[in-house]
Each structure stands twice: as C-alpha cells, then as structure tokens.
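Student: I have a structure open beside its sequence, and I would like to learn how to read it step by step. Could we go through it together?

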Amino acid sequence: MEQAVVQVEGLNLAYGTIRAVQDVSFSVKSGEILAVIGQNGSGKTSTVECVEGLRKPNHGSILVFGKNPLKHRNEVYKEMGVQLQETEYPPKIKVEEQCRLFASFYEHPADWKQLLAQLGLEEKKKRQVCKLSGGERQRLSILLSLMGRPKLLVLDELTTGLDPEARQNMWISFRNIKENGVSIIMVSHYLDEVEALADNILYLEQGKQRFFGSQQGFRDYAKEQIPEGERKEGCSLEQLYLQIAPKTASQKWRLE
C-alpha cells in the first residue's frame, strides 16, 4: 500500500480557550492536490501551519514523508515548499537577487530563470520586489516555494491578487507540477479554483472537520445538507458551498 505523503490523525490545536482545530484527520498521496476550504476563522491556516511544523498541536499525529514535521523540520523542508499568505523581503532587493538568494539555500535548486518565464516575471527580474504589484509579489512567492524542487507544495491563497488570465496560467502550471508527482495542499477561498484543480477536499467549519474526500463526495455531502425542496441540479462547487456554509452577518442582511 502506498504511503501517504501527509498523514494527519485527530489534530487538535487551541489558542488559550479557543479551540481553533478540533479532531481533524486527512491524508495526501503522491501527485494529489488537496484543497482546504472554509470560511475565515474555520481553522484552515492553523491546520496547514501544523503540517508545516510551524505550530505545535495540543493533540494528534502528523507525519510528513513519514516524519514529525515539528521534530524533523530540517529533513522535511528538504522536500517541502511553502508559500505563505504574507511574505517579507529584504528592503530594495531585486527580483533576480531574491531568486539567487533562495537558490543558494538548496543543493540542487530549480532553474529560477525558467520559473521566471513560466510565471510571467521575466521582464520584472531587474525590478525591486517592493515595487511589484500585489499579483506579481504573489507569483514571486510561489516561484520561491518551487525553488527546492519540492515533492510537497503548500500554498495559502495561491492566486489571490492575480487577474483572470494569470490565474488560468497558474492553474496550468500546477497541473503540470502535479503530473510530475508533486503533492499539493492548497488553502483557497476560490471554489472555481478548487473545482479546476483539487482531487480531494477538506472542508472545515469553526475548527471542525465537516468533510474530507473527493470532489464528487463533497457534492454528495453538500446535497444531503440542503433541504430536498431547495436542491438544484447542475450546481457548481461554489454554488453548493454557499448553500451549506454558515451565513455571515452581511449574507444574513442581504437575505433579509
């Protein structure tokens, strides 16, 4: 039986009296894309940060490449690339300088010049990072996460700030990455992105796991949560999600 690249069992994480993650379990196999979805505050980023070895869970088991990412972080990070929501860069550093710096961290780095071209940043290589647009900084962050030729890629809001064409190009890039056997964990609020890329879905709600499984499994789960008289055929993943997710204050106001 193939060993999972990531195996999480009974994950619990609390911040003081706030239970941010409660009894979450999931796995990711080689070449699979897992989408972690849910509203703000549902525990998505906290869950992923435990997988990255950035936070110590209160209870539960996490194995990445068969190792505890907290205790064996250096070994795990040789095969894992991480793209964070917020990334700080040295002041006035240029794009190509940042790429060379990151390449120096790895024994066999990826060809950063080729990555610049693939991510549409080749013409920006002489520009200071601080002068890039939000979307360009996002693409640079993803490029740097690929520098170590990872077998596991962790992406938090991977296409936030990108225009529609750039998002489509990014999707193509990640499909190609997946075909090379790389596993991807992606946190996303864009359900069209999830529908286009994800093999499996982890749906969190107020820190609790509501669903883990395939896209079709999520569709079946969502339909079961919707009253029979309100069910519609041919719904997109986003339409189904919006019908089952807890309503925010603004959504309740619009409904009323």
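Student: What radius of gyration does the protein have, and what would a compact globule have?

Tutor: The radius of gyration is taken over C-alpha atoms, and the globule rule is 2.2 Å times the number of residues to the power 0.38. With 256 residues, that rule gives a value near 18 Å for a compact globule, which agrees with the protein's own 19 Å. Please keep in mind that this is a predicted model, in which local features need pLDDT of at least 70 and side-chain atom pairs count only at pLDDT 80 or more, while totals for chains, interfaces and linings use all residues. Residues are numbered from 1 along each chain as its sequence is written, and side-chain values use heavy atoms, with hydrogens and water left out.

Student: How many helices and strands does the protein come to?

Tutor: Helices (H or I, at least four residues) and strands (E, at least two) are DSSP runs, numbered from the N terminus. Counted in this way, the secondary structure comes to ten helices and nine strands.

Student: In which sense do strands E1 and E2 pair, antiparallel or parallel?

Tutor: Two strands pair if DSSP finds at least two bridges between them. Valine 6, for instance, has valine 28 in E2 as its bridge partner. Over seven bridges, E1 (residues 6–15) and E2 (residues 18–28) pair in a sense that is antiparallel.

Student: Which residue in the hairpin of E1 and E2 takes a positive phi?

Tutor: The hairpin has two residues between the strands. The one with a positive phi, near 65°, is glycine 16.

Student: Why is helix H8 called oblique to helix H9?

Tutor: Axes are lines fitted to C-alpha atoms, for helices over the stretch in contact, and angles run from 0 to 180 degrees between N-to-C directions. The axes of H8 (residues 215–225) and H9 (residues 237–244) come within 9 Å and cross at roughly 40°. Angles under 35 degrees count as roughly parallel, over 145 as roughly antiparallel, 65 to 115 as roughly perpendicular and the rest as oblique, so H8 is to H9 oblique.

Student: How do H3 and H5 cross?

Tutor: The axes of H3 (residues 95–103) and H5 (residues 134–145) come within 10 Å and cross at roughly 20°. That angle makes H3 to H5 roughly parallel.
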